[in-house]
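Q: Could we go through this structure together, topic by topic?
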Amino acid sequence: MDIRLALLTGADIPIPECQLIMHQPTIDELAFMGERDFFTALQTVTLHKSMFVDKDKDVLDSITNFQIFMTIVNGKETVDKKKSVQSLFLLTFPKYKVLLTPRSILFSDETGSHIVDENNFDMFQQTFREVFCVNSSDMDKQAFNPANEQAKAIAEKLMRGRQRVAAQKGDQSASIFSQYLSSLSIGLKLSLLELKKYTMFQIFDSMERYSLYTNWDIDLRVRLAGGKP
């Protein structure tokens, strides 16, 4: 399903495979959740087994993303991760009641119940990756070595690792959104009150295009001054 226009306009996004409609939260809404908890939840929801390196490929092939996800949200040692994931689901699916069961994610509204499980979790994940600019190919560069061949060990190793999503780089204590909003408010001469209404995709897209424009402008000025490109 092509959702590029929806991403650019900030519209809600249907996930037909899950019979769900996902809301794209604004930066203002994400600020209510908190940036640290947001990135923790995003990493958990979008995890991919290609992030791991295992000597026994047969073992890794027998484990799915959904199994690792469920291991994390149901683990006694990772209660904080589960709370972060629940908060993210409240922002992205505000029209539904969400329940994390031992074997599925249950969404319910006036039309009935909608289940995300082993059968449709991959499409559920893919939508999150697109909405929140998580590049799955970039995730491959971050590898963790599980202590053994069990899903629980893999999950624990993941949660001990640093926060790893394509959107977050550099100092973990720094606010990515604050830096981007500050830069765009000056560069595009937009109010912070206006920028906080943008979605994450819109902010990242604006930042990328502003950077391209700046590079083009500098190159043109250098050429006009007789310098090398």
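This is a predicted model: local features need pLDDT of at least 70, side-chain atom pairs count only at pLDDT 80 or more; totals for chains, interfaces and linings use all residues.

Q: How many bridges join strand 3 to strand 4, and do they run parallel or antiparallel?
A: Strand 3 (residues 97-100) and strand 4 (residues 105-109) are joined by 4 bridges and run antiparallel.

Q: Which residue of strand 4 does L99 stand opposite?
A: The residue opposite L99 is L106.

Q: Turning to aromatics, how many aromatic pairs does the structure hold?
A: There are 20 aromatic pairs in the structure. One of them is F38 with F177: the ring centres are 6.1 Å apart and the planes stand at 40 degrees, so this pair is tilted.

Q: Where do F38 and F177 lie?
A: F38 belongs to helix 3 (residues 35-45) and F177 to helix 10 (residues 176-187), so the pair ties together parts that are 139 residues apart in sequence.

Q: And are F38 and F177 buried or exposed?
A: Both F38 and F177 are buried.

Q: What kind of aromatic pair do F93 and Y96 form?
A: F93 and Y96 form an edge-to-face pair, with 6.1 Å from centre to centre and 75 degrees between the planes. F93 is buried, and so is Y96.

Q: Back to helix 3 for a moment. Is F39 buried or exposed?
A: F39, which is found in helix 3, counts as buried because its relative accessibility is 1%, and the cut-off for buried is under 20%. In sequence F39 and L88 are 49 residues apart, while in space they are 9.5 Å apart, C-alpha to C-alpha.

Q: How many residues of helix 5 are buried?
A: Helix 5 (residues 65-73) is mostly covered, with 7 of its 9 residues buried. The buried residues are N65, F66, I68, F69, M70, I72 and V73.

Q: Now the backbone. What is the phi of Q19?
A: Q19 has a positive phi of about 55 degrees, although it is not a glycine. As background, most residues other than glycine have a negative phi. Q19 is found in the loop between strand 1 (13-15) and strand 2 (20-22). At 57% relative accessibility, Q19 counts as exposed, because the cut-off for exposed is over 50%.

Q: What about the phi of K189?
A: K189 also has a positive phi of about 55 degrees, and K189 is not a glycine either. This residue lies in the loop between helix 10 and helix 11 (192-195). With a relative accessibility of 74%, K189 counts as exposed.

Q: Changing topic, what is the count of disulfides?
A: The count comes to 0 disulfides.

Q: One last topic, the surface. Which residues make the nonpolar patch of about 470 Å²?
A: That nonpolar surface patch is made by Y213, W216, L220 and L224.

Q: In which helix does W216 lie?
A: W216 lies in helix 12, which covers residues 200-224.

How values were computed:
Residues are numbered from 1 along each chain as its sequence is written. Side-chain values use heavy atoms; hydrogens and water are left out. Patches are made of residues with over 30% relative accessible area and no salt bridge: like charges are joined within 9 Å, nonpolar side chains (Val, Leu, Ile, Met, Phe, Trp, Tyr) within 5 Å. Accessible areas come from the Shrake-Rupley method with a 1.4 Å probe; for residues, only the protein chains shown count as cover. A salt bridge is a side-chain nitrogen of Lys or Arg within 4 Å of a carboxyl oxygen of Asp or Glu. Helices (H or I, at least four residues) and strands (E, at least two) are DSSP runs, numbered from the N terminus. A disulfide is a pair of cysteine sulfur atoms within 2.5 Å. Rings of Phe, Tyr and Trp (its six-membered ring) pair if their centres lie within 6.5 Å; planes under 30 degrees apart count as stacked, over 60 as edge-to-face and the rest as tilted. Buried means under 20% relative accessible area, exposed over 50%, partly exposed in between (1.4 Å probe, protein chains only). Two strands pair if DSSP finds at least two bridges between them.
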